[in-house]
Amino acid sequence: MTLTRIVEERAVRAPFKGDHVGSFLRPERLKQARLQKAKGEISEQDLRQVEDEEIVKLVEKQKAVGLEAVTDGDFRRRWWHFDFLEGLDGVEGFQTDKGLQFEGVETKARGIKVTGKVEFKDHYMIEHFKFLKKVAGDTVAKFTIPSPNMLFFRAGIEDGVYESDEALIEDLVVAYQGVIQALYDEGCRYLQIDDTSWATFFSEKGRASIEAKGKDPEKMAKLCARAVNESIAKRPEDLLLTMHICRGNFKSTFMTSGSYEEISETIFDELNVDGLFLEFDDERSGGFEPLRHVNRSDLSIVLGLITSKTGELEDAERVKARLAEASDYVPLKQLCLSPQCGFASTEEGNLLTEEEQWEKVQHVLEISHEVWG
């Protein structure tokens, strides 16, 4: 079998018809180990041992339920974005006065700032992927990292470090290219970048927040697209790269609402990713009409029709009907199904049980098998 043929088959297979975003509820044993480490009762090595053992169990569980791609569940992370971004040279985490505001709840106080030239020299999460790849065996090991736009949207920039957004983007792009190549060199062939920045453009409130910072929303959207496209431009052709676009996910709450319509042409026609994981689990996401801007036959659209925020299972027939509705805009063969987000974007996790979590995953797989075979 030629390399070209292998690439073609991967492009057809992944994202998988029944897929998932990546994070899973942290088991109680892992939560307790983190508390013990914070109190100085166990060592970093002891915590790592617990993480290793729980990730092995998680990978085996993912295989057992029938997932074709497995992740480490973000079990080594506190935050889906900050942990990774702090691993870049020139980026530091710090204690803020308050956390991020979600609908009716606030996160722990934490922030990041750019204190020097943003670079990739090495990154501790490369080791995280190596462990996942080892325990995944012959199963596809999927790794997730935040979009470069998350540094752009979440980090403060110390005075005198960067004179313009464009200057920061240039260094950030090179850093991401380095990370992506390093992951590839260790065997990564399915990489997902997670991005909540696009949701800022969905509503008038969000665009007003950009204007309040003295920036033009249209120019910012173009800059965000450029950051993504240039960061992934040098990826090897057999590295499948998807993007998850999210409106926020913390303790079963959300941060923003709004249809994809306002920014749909940029998302669906300008981003050079292989697939898009999209939230469509409730009315906050609007209808499927923005999908009319999907003009590529090789772009997979993963519809997040199953919510990860509650344990109640969606009516399977209603999910199938919604897939049929979406196929009015994108051929069914390009569509896939998943939960709308992970089950634990932060270590706190969403408000459902582990049993309910796995029932949700099984629900996705059962429906996908009925629809696509």
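**Helices in a predicted model**

Colleague: Let's start with α9. Which of the residues in α9 are buried?

Modeller: This is a predicted model, so keep that in mind as we go. In α9, the buried set is Pro-217, Met-220, Ala-221, Leu-223, Cys-224, Ala-225, Ala-227, Val-228, Asn-229, Ser-231 and Ile-232.

Colleague: And what do the buried residues of α9 pack against?

Modeller: Their partners are helices α6 (149-154), α7 (165-185), α8 (204-212) and α10 (264-269), along with strands β8 (190-195) and β9 (240-245).

Colleague: How far apart are the end C-alpha atoms of α9, and what should its 16 residues span?

Modeller: Helix α9 covers residues 217-232, and at 1.5 Å a residue it should span 22 Å; the end C-alpha atoms sit 23 Å apart, which agrees. The check works for α5 too: its twelve residues should span 16 Å, and its end C-alpha atoms are 16 Å apart.

Colleague: Staying with α5, which residues are buried there, and what covers them?

Modeller: Met-125, Ile-126, His-128, Phe-129, Leu-132, Val-135 and Ala-136 are the buried ones. The cover includes α3, β1 (69-70), α4 (82-85), β6 (140-146) and α7. Just after α5, Gly-137 has a positive phi of about 65°.

Colleague: How are two packed helices described?

Modeller: You give the angle between their axes and the distance between the axes. For α3 (residues 44-65) and α5 (residues 125-136), the angle is about 45° and the axes are 10 Å apart. That is why α3 and α5 count as oblique to each other.

Colleague: Is the crossing of α3 and α5 left-handed or right-handed, and which residues meet?

Modeller: The crossing of α3 and α5 is right-handed. From α3 come Arg-48, Asp-52, Ile-55, Val-56, Val-59, Glu-60 and Lys-63, and they meet His-128, Phe-131, Leu-132, Val-135 and Ala-136 of α5. Sorted by class, that contact has seven nonpolar, one polar and four charged residues.

Colleague: Now α11 and α12. At what angle do their axes cross, and within what distance do they come?

Modeller: The axes of α11 (residues 316-326) and α12 (residues 354-372) cross at roughly 55° and come within 11 Å. So α11 and α12 are oblique to each other, and α11 passes α12 in a right-handed crossing.

Colleague: Which residues make the contact between α11 and α12?

Modeller: On α11, Ala-316, Val-319, Lys-320 and Leu-323; on α12, His-363, Ile-367, Glu-370, Val-371 and Trp-372. By class, the contact of α11 with α12 comes to six nonpolar, one polar and two charged residues.

How values were computed: Residues are numbered from 1 along each chain as its sequence is written. This is a predicted model: local features need pLDDT of at least 70, side-chain atom pairs count only at pLDDT 80 or more; totals for chains, interfaces and linings use all residues. Side-chain values use heavy atoms; hydrogens and water are left out. Axes are lines fitted to C-alpha atoms, for helices over the stretch in contact, and angles run from 0 to 180 degrees between N-to-C directions. Helices (H or I, at least four residues) and strands (E, at least two) are DSSP runs, numbered from the N terminus. Angles under 35 degrees count as roughly parallel, over 145 as roughly antiparallel, 65 to 115 as roughly perpendicular and the rest as oblique. A crossing is left-handed if the near helix is turned anticlockwise from the far one by less than a right angle, and right-handed if clockwise. Contact means heavy atoms within 4.5 Å. Ala, Val, Leu, Ile, Met, Phe, Trp, Tyr, Cys and Pro count as nonpolar, Asp, Glu, Lys and Arg as charged, and the others, Gly among them, as polar. The expected span of a helix is 1.5 Å times one less than its number of residues. Buried means under 20% relative accessible area, exposed over 50%, partly exposed in between (1.4 Å probe, protein chains only).
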